[in-house]
Amino acid sequence: MASHGLTYDGCNFFRQRLVLSTLSGKRVKIKNIRSKDDDPGLRDFEASFIRLLDKVTNGSRIEINQTGTVLFYQPGLLHGGPIEHDCNTQRSIGYYLEALLMLAPFMKTSLKATLRGVTNDPSDPTVDLLKSTALPVMKKFGIDGDGFELKVLKRGMAPGGGGEVVFTCPVRRTIRPVQLTDPGKIKRIRGVAYSVRVSPQMANRIVESARGILNQFIPDIYIHTDHMKGPNSGKSPGFGLTLVAETLNGSFLSAEMASTPQGQGDPILPEDLGRNCAKLLLEEVYRGGCVDSSNQSLALLLMTLGQQDVSKVLLGPLSPYTIEFLRHIRDFFQIMFKIEVQKPSEDTRKGGDKILMTCVGVGYSNINKTIK
């Protein structure tokens, strides 16, 4: 095999590798995918992810051995346009969307993706969270315009799913470098408490208990309740809460919780869910930074792909997922970040240690746009 391909072991960070491979044009081989398991090979949700990549690219070559333990992927060109995809319900739509957010600006034609499946579950970022935090991060890098939105048409809770979202994104020729070094203080908290196939009272109970905690800190809190009925409410009952704190300088920090999926463990009371979610938000505010922990890798990727100029972003402590992402960026784009730890001053209101990430972008330009 030619030396410019990369080889990895195991099923971890599967999406990171395929997304970076697609953007850098480097082929990748992933071997020993759960080879020691009783049920070896790719899971259905990973196969579904590969099919989604195949839909947004042209000319990708994907080879999988019989047991599904080895995957070879040679990326094609990002094409975009209108696509529809039924996401596997083992993971939520957020699992697929996170990757699409990273790829969408670099398509040949604007992406309009209709995704169906689970919109809210406890393990992946929900569609609400990505809408209220990932899109603002992308706007800071100059990815914006009329067609840039994420709409929830139907909610679908785990395990049944039945939700539907539409994500549209304009294409960009280049990504602008950013200097996000001062998040500023929190000025307001917004949120959405949703309930499907349960009493609409559930959402009100969540809101009340979350406010009980957050009102001690800040008066400007508005949590919207969203109760979808009939065919728009998916196939399974459930409820949950997404909270977003906005700072003076336009950074968004978020936290969320969803109820335990039907038939999977102990049910949770809406009061507890509201309280726990509010505490998670306070923890996220303590971690701080200009980008919250769920969008660290998105920001770092856009910094890497920016024009050949310095980008700086202040983050809270790096999540393990982000640390691995930095290693992959080094593999695929040969970009190293300068990492400086900033201790907060004696003023305890500044939260935990912050990390200043600095890099010079690779000057990635969307080759798909230049070919007419």
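A residue counts as buried when its relative accessible area is under 20%. The model shown in these close-ups is predicted.

**Figure 1. Tyrosine 95 and phenylalanine 45, a buried aromatic pair.** Tyrosine 95 has a relative accessible area of 4%, so this residue is buried. Phenylalanine 45 counts as buried too, at 10% relative accessibility. A search of the whole structure finds 9 aromatic pairs. In this one, the ring centres of phenylalanine 45 and tyrosine 95 are 5.4 Å apart. Their planes meet at 85 degrees, so the pair is edge-to-face.

**Figure 2. The surroundings of phenylalanine 45.** Phe45 and Tyr95 share one aromatic cluster with Phe14, Phe49 and Tyr96. A charge is found here as well: the charged end of arginine 91 sits over the ring of phenylalanine 45. That charged end is 5.0 Å from the ring centre.

**Figure 3. Phenylalanine 333 and tyrosine 364, an edge-to-face pair.** The distance is 6.3 Å centre to centre, with 80 degrees between the planes. Both residues are buried. Phenylalanine 333 lies in helix α8 (residues 320-333). Tyrosine 364 lies in the loop between β18 (354-360) and α9 (367-370). This pair, too, links distant parts of the chain, 31 residues apart.

**Figure 4. Helix α6 and its buried side.** Helix α6 (residues 270-287) has 18 residues. From first C-alpha to last, α6 reaches 26 Å, close to the 26 Å expected at 1.5 Å a residue. Its buried residues are Pro270, Leu273, Gly274, Cys277, Ala278, Leu281 and Glu284. These residues cover an arc of only 130 degrees around the axis, so they fall on the same side of α6. Elements that cover them include the strands β12 (186-196), β14 (238-247) and β15 (252-258), and the helix α5 (201-214). Glycine 288 follows α6. The phi of glycine 288 is positive, near 70 degrees.

**Figure 5. Two assigned domains of the protein chain.** The domain assignment gives domain 1 as 1-76 and domain 2 as 186-287. The C-alpha centres of domain 1 and domain 2 lie 35 Å apart.

Methods
Residues are numbered from 1 along each chain as its sequence is written. This is a predicted model: local features need pLDDT of at least 70, side-chain atom pairs count only at pLDDT 80 or more; totals for chains, interfaces and linings use all residues. Side-chain values use heavy atoms; hydrogens and water are left out. Domain bounds come from an automatic or database domain assignment. Rings of Phe, Tyr and Trp (its six-membered ring) pair if their centres lie within 6.5 Å; planes under 30 degrees apart count as stacked, over 60 as edge-to-face and the rest as tilted. Buried means under 20% relative accessible area, exposed over 50%, partly exposed in between (1.4 Å probe, protein chains only). Helices (H or I, at least four residues) and strands (E, at least two) are DSSP runs, numbered from the N terminus. A charge sits over a ring if NZ of Lys or CZ of Arg is within 6 Å of the ring centre and within 35 degrees of the ring normal. The expected span of a helix is 1.5 Å times one less than its number of residues. The arc is that of the directions from the helix axis to the C-beta atoms. Contact means heavy atoms within 4.5 Å.
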